[in-house]
Amino acid sequence: MNRHYYVSNNLDDLESLEHELEAEGISLEQIHVLSDHERDVEDHHLPAVSAMMKQDVAHSGKIGALIGLTLALLVLGTTYLNDWAASGVGWMPFIFLAAILFAFCVWEGGFVGIQKENVDFQPFREKLAAGQHVFFVDVNQVQEPILDKVVRHHPELELAGTGNASPAWLIGAQKVWHQFKRTV
């Protein structure tokens with residue numbers, strides 16, 4: 001899946017774009033609006049970026065996981081090379097230490113990420129500060145022509161780039177969750 005970013009200062013146009021995309025089969029879970037004017041986005045019934053998505057938890061958590069994996073392998077490798085497991089304690093304390101180091105690093109990475117802005121949104125900081133809004137859509141290969149066709153009807157939109165989209169399984173899980181919430 002690919003993520004397409006567009007910038008606009010017209011929320012009415014973005015609301016129209018969102019309705020047209022939904023009518024063409026692109027689900028609401030694939031569409032997001034990032035703005036410093038969250039109340040205005042809400043008033044236009046646009047899908048605002050969640051607080052969790054604004055933070056850098058996933059990216060920082062991955063970095064923490066890589067550091068944790070390195071430390072865990074270092075502990076296990078050192079234990080093996082020095083033959084410490086041959087003592088009366090065996091492998092269990094060293095495996096436990098490696099698991100704790102890994103888990104701590106993932107947690108710490110996520111904790112650091114909570115305090116930082118999502119790295120994917122940092123290039124838009126100036127445009128957001130200028131009062132513009134970032135509209136982005138996650139689409140698969142089949143939906144690419146649909147997005148292009150609909151966007152052509154909105155000349156005020158400025159293409160601001162592409163990037164990696166949310167995984168398809170995550171979008172699917174969000175769809176199931178939203179359907180569940182509607183039935184309850």
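Predicted model: local features only at pLDDT ≥ 70, side-chain atom pairs only at ≥ 80, totals over all residues.
The protein contains eight helices and four strands. Both kinds of element are DSSP runs numbered from the N terminus, helices being H or I runs of at least four residues and strands being E runs of at least two. In sequence order the elements follow the pattern β-α-β-α-α-α-α-α-β-α-β-α. The radius of gyration of the protein is 22 Å, well over the 16 Å that the globule rule gives for 184 residues, so the protein is more spread out than a compact globule. That radius is taken over C-alpha atoms, and the globule rule is 2.2 Å times the number of residues to the power 0.38. Along the principal axes, the C-alpha atoms fill a box of roughly 70 × 35 × 35 Å.

Strand β1 spans residues 2-8, and six of its seven residues are buried; buried means under 20% relative accessible area, exposed means over 50%, and partly exposed lies in between, with a 1.4 Å probe and protein chains only. Seven bridges pair β1 with β3 (residues 133-139) in the antiparallel sense, where two strands count as paired if DSSP finds at least two bridges between them. β1 also runs antiparallel to β4 (residues 158-164), to which six bridges join it. Within this second pairing, R3 has G163 of β4 as its bridge partner.

Strand β3 is also paired with β2, in the antiparallel sense and over four bridges. Here H32 stands opposite F136 of β3. In β2 (residues 31-34), I31 and V33 point one way while H32 and L34 point the other way, and all are buried.

A129 counts as exposed, at 62% relative accessibility. A129 and D36 are 93 residues apart in sequence, yet their C-alpha atoms lie 7.2 Å apart in space. For the protein as a whole, residues 24 or more positions apart account for 82% of the contacts with a separation of 6 or more, a contact being heavy atoms within 4.5 Å.

Most residues other than glycine have a negative phi. H45, in the loop between α2 (38-43) and α3 (51-54), has a positive phi near 60°. H45 is exposed, with a relative accessible area of 62%. D83, in the loop between α4 (57-82) and α5 (92-114), likewise has a positive phi of about 60° without being a glycine. The relative accessible area of D83 is 52%, and this residue is exposed.

Some totals complete the description. Of the 184 residues, 36% count as buried. The accessible surface comes to about 11000 Å², of which 63% belongs to carbon and sulfur atoms; accessible areas come from the Shrake-Rupley method with a 1.4 Å probe, and for residues only the protein chains shown count as cover. The mean positions of the 12 positive and 24 negative charges are 3 Å apart. Lys and Arg count as positive and Asp and Glu as negative, while His and the chain ends are not counted.

Technical notes
Residues numbered from 1 in each chain as written. Heavy atoms only, no water. Charge placed at Lys NZ, Arg CZ, Asp CG, Glu CD.
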